[in-house]
Amino acid sequence: MIALLFILIVALLFVGVINRTKSILGGRQGPGLLQHVRDVNRLFHKGAVISTTTSLIFQLAPTISFVTVVLACCLLPFGGSPALVSFPYDVVAFAYLLALGRTVMILAALDTGSPFEGMGANREAMYGMLAEPAFFVVLGSFAILTGYTSFSEVFAALHIGDGIVSILMSAFAVYVILQIAMVENSRLPVDDPRTHLELTMVHEAMILDHSGFDLALIMVTSSLKFAMFGLVLANFHLPPEMPLAIKIAIALGVNIVFAITVGALESFRARNRMKRNPQFILTLTSVAVLIYFSVLILTNKLVL
Amino acid sequence: MRFAFSAVCFACIVIATVTSVSALTVLQTGQLWTASIGSVTYAADSLSAFMVLFINVGVLLAALYGVSYLAADTSQRSATEYLLHGVAFIGLHLSMIGVAISTDLFSLFFSWEAMSVASFLLVLLDARQTRVRYTALRYLIQMHIGALGLLIANAMLFSSMGNSSFASLHQFSQTHPVWTIMLPLGIAFSMKAGIFPLHSWLPDTHAAAPSHVSGLMSGVMIKLGVYGLIRTSLTVWPTMEVGAVLLILGMITALFGIGNAIVQRDMKRLLAYSSVENMGLIVMSVGMALVARVANIPAVEVAAWIAVLLHSVHHMLMKAVLFQAAGNILHATHTRDINLLGGLVHSMPGTVNILILGSLGITALPALSGFASEFPMYISGINAMMTSDLRTSMLGVFSVVTLCLAGGMAIVAFTKAVGIGALGTARSSAAKHAHEAPVSARFPQWIALALSLLIATMPGLLTRMLSGVVYTTYGHAIPADVLSTLDMVGIGQAALIGIIGVVWLLRILATKSKPLATGPTWGCGFTEGDARVQYTATTYADSTAAIAGPLLGIHTSYRPIATADMFPHTRTYSTEEKDVVAHRLLEPIGRSVEAFLRSLAVIQTGNMRAYIMYAFVFIIAIAVLTFTGVL
């Protein structure tokens, strides 16, 4: 329950912190921290324009996508306090819920018959497919390390040791999860949310035709997704024996650092060339395999 | 001719009822059912009984659809053609049951042959098309190469054991290296199951066959190949190598199949390649179970066996749904080319809704049975990763990566089939003027989808019902924690569907009072766009093809503009997807065999005088040989 509350609070602020970082680094006045929330609120109250080409799936998709992300959030623990729902191998359910949301959004994009949205959908499908193995190898490695297979138990038992292998492993893991979060949330370096040219968009191109309530739902979904991955990252740094107040402080700190990192990255670098993206995402899988080998060494299955 | 196939359907219902009663008794009591015809004994243990039920459900779905499919068929056919088709359909049903209840390799060979011939005749329904005749013939030849493997295995058993029962097979494997008998058997069963590199008949045949038959072949018949693999590899012992080979071949098959599915433009070929993928996943699980059995890791083994059973049922249901929906589209538009479809959601919404649900199901996304059936695969894969043995752990990593990569690729393939094929704007006048299929042609798919939903929400219940089957393969009862995890998956999926429903209702309530306008799709200021601006099936697959190009056999015919070309003239650009194995391996072999046979045909001059001379020379030779005392 505390995890869900945490995600809700972070989701309210996350995009604001990113935008604020970007405006400060860009030397602009910039919008306030809660401008994003006001935007979403306004959209919720607006009417919608839908394309005559579309069918039911176009309107249904944002709802399904929203529900899948909410349910995925329910699987995440907060430090030692277990998740709302937890069962063995729930990491698989987590990944597949996100995949369901992505798939219906792709179908909605193709439903419009727009060339841009077809392009965005194709790219999204491709990147999702390439990012999945990295996620499974990382979580599988944690399963080997801890002997558990659900998020709650894995993070409760995860103890980053002092050895060089252990530190390397956790650094790799944070890197891979961070990059998966960037791919899943359509941020740099694979996608640039600032772009105004449809041909260079990925996620933005997919939702060009959504408006009003549905667009608001999509924005809420993506904020939740950010906070969700932020919580996964925070969980690495939350030993269960710590008092709750300190854990909340650490988790908030991790998420603020995460958001500032995203903002800084988006201020200082350009998006990858589209052709390079598959290569980049596949690299994550190779790093994930390094984590797997580190875990094998840590558990004395592989003796060097 | 509608009446004719109704009679066939009725006959299948009778056969199914009779056999299902016995099969259910076997499943319930766990006692062996036996019957003898002459000296041949047929018997059904729980695994066979499961297969019989499985076959019956698949055949009934196909038969129900067949009635309306053939009724809507506009081609002129003679009564003989229909009669042959009907008899072959019943023959296929009976022969598949025969395969499942055979107790020795020889009667299995008999039913196997009957199955191949019956399915060959079913594919030939459109035999007036040259392409169909050619494909069917190729199918028959490839099936006989497979059958040759069974024949060789039979001969080996007969010559050293005196009979070909499964007990003899077990004894034979104790005294000989395991591959002496498993290689021919493996080739025979893998050929039917469509395991790489023996899969190439599958896409061609499924595309050429009428849709009710392709659904039946893809959903049910090829599973008998897996049944054969399970039955024989459990009889032969030890099976570590067999398991490892099946595991690795399964992974290759899965990735190869789904990679090719992405680039297909033909709707039914896409579905057929997805069958190749799913057979790969099932065989991968069989291999995982066998490896785990020898390595004695029960947690991996039991999950893998459950996965084999659940995924077989899931795939049978989904392929019935998808091939039948594709059949409705084919009837309405007369094309299978995804690039000529699109926009069907407005002209035939009923069929497209079925297609969307089927696609979400086959990609193993939560809410339909696919997730429940792939979940045990993940359980076995992750458990294998967690074992202390390094080799098994790595096989576990490979299987998990294969699973999630294949899942992601399936999403690309099926968003293409649905998104390009059925959504958007119509790309041809045929697609624009498509008419909805009658309710009777959509009814069987809804039955299959309902069954799939049942499995999705209650995988634990189905697994408990099949515990006898798992017992025949696994040898122990299913551990309670696996069952409770599956129960959780079922509850979770029911909750997912329920919550989506509730949120959707809330959304309707919230937006009811808001103004809703309609307009054209956003075109970046360009409002005169027509259907041709849309993404096509080829472009949608292009990004995948760019990564895995050489494996997917895409052939481009285009002559680039040369520097000397002063004036423009007509040029064409076209791509064609060919199966790499068929194109690079089988076709050259076929050509060289044909060339060899042609060189032998030199003596066939077609000249009567030459043949008379052959007879004369033969008589002289006999006379000389007799005279010299050689004969």
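The model is predicted, and its scores are ipTM 0.93 and pTM 0.92. For chain B, the mean pLDDT is 89, with 99% of its residues reaching 70 or more.

**Chain A as a whole**

- In secondary structure, chain A is built from 11 helices and one strand, and the order along its sequence reads α-α-β-α-α-α-α-α-α-α-α-α.
- The radius of gyration of chain A is 19 Å, which agrees with the value near 19 Å that a compact globule of 304 residues would have.
- Taken along the principal axes, the box filled by the C-alpha atoms of chain A is roughly 60 × 40 × 40 Å.
- Of the 304 residues in chain A, 57% are buried.

**The contact between chains A and B**

- Chain B contributes 63 residues to the contact, and chain A contributes 62 residues.
- On the side of chain B that touches chain A, the elements giving two or more residues are the helices H13 (344-347), H14 (349-362), H15 (369-386), H16 (390-420), H21 (480-511) and H22 (537-552), together with strand S3 (516-519).
- Among these elements, H16(B) gives the most to the side of chain B that touches chain A, with 16 residues.
- Sorted by class, the side of chain B that touches chain A holds 41 nonpolar, 20 polar and two charged residues.
- Strand S1 of chain A, residues 48-51, is joined to S3(B) by four bridges, and the two strands run parallel.
- Within this strand pairing, A:Val49 stands opposite B:Ala517, a residue of S3(B).

- B:Ile382 has its place in helix H15 of chain B, one of the elements that give two or more residues to the side touching chain A.
- B:Ile382 is buried, because 26 other C-beta atoms lie within 10 Å, where 20 or more are required.
- Leaving aside neighbours within four places in sequence, B:Ile382 is in contact with A:Tyr89, A:Gly140, A:Ala143 and A:Thr149 on chain A, and with B:Gly396 and B:Val400 on chain B.
- B:Ile382 and B:Tyr573 are 191 residues apart along the chain, and their C-alpha atoms are separated by 46 Å.

- B:Leu216 lies in helix H9 of chain B, which covers residues 211-235.
- B:Leu216 counts as buried because it has 30 C-beta neighbours inside 10 Å.
- Not counting residues up to four places away in sequence, B:Leu216 touches B:Gly58, B:Val59, B:Ala62 and B:Met221.
- Between B:Leu216 and B:Lys192, which are 24 residues apart along the chain, the C-alpha separation is 13 Å.
- Helix H10 of chain B (residues 240-263) has 24 residues and should therefore span 34 Å at 1.5 Å a residue, which agrees with the 35 Å between its end C-alpha atoms.
- H10(B) is mostly covered, with 19 of its 24 residues buried.

Terms used
Residues are numbered from 1 along each chain as its sequence is written. Chains are lettered from A and ligands numbered from 1 in the order in which they are written. This is a predicted model: local features need pLDDT of at least 70, side-chain atom pairs count only at pLDDT 80 or more; totals for chains, interfaces and linings use all residues. The radius of gyration is taken over C-alpha atoms; the globule rule is 2.2 Å times the number of residues to the power 0.38. A residue is buried if 20 or more other C-beta atoms lie within 10 Å of its own, exposed if 12 or fewer, and partly exposed in between; C-beta atoms are placed from the backbone. The expected span of a helix is 1.5 Å times one less than its number of residues. Two residues are in contact if their C-beta atoms, placed from the backbone, lie within 7 Å. Ala, Val, Leu, Ile, Met, Phe, Trp, Tyr, Cys and Pro count as nonpolar, Asp, Glu, Lys and Arg as charged, and the others, Gly among them, as polar. Two strands pair if DSSP finds at least two bridges between them. pLDDT is the predictor's confidence in each residue, from 0 to 100.
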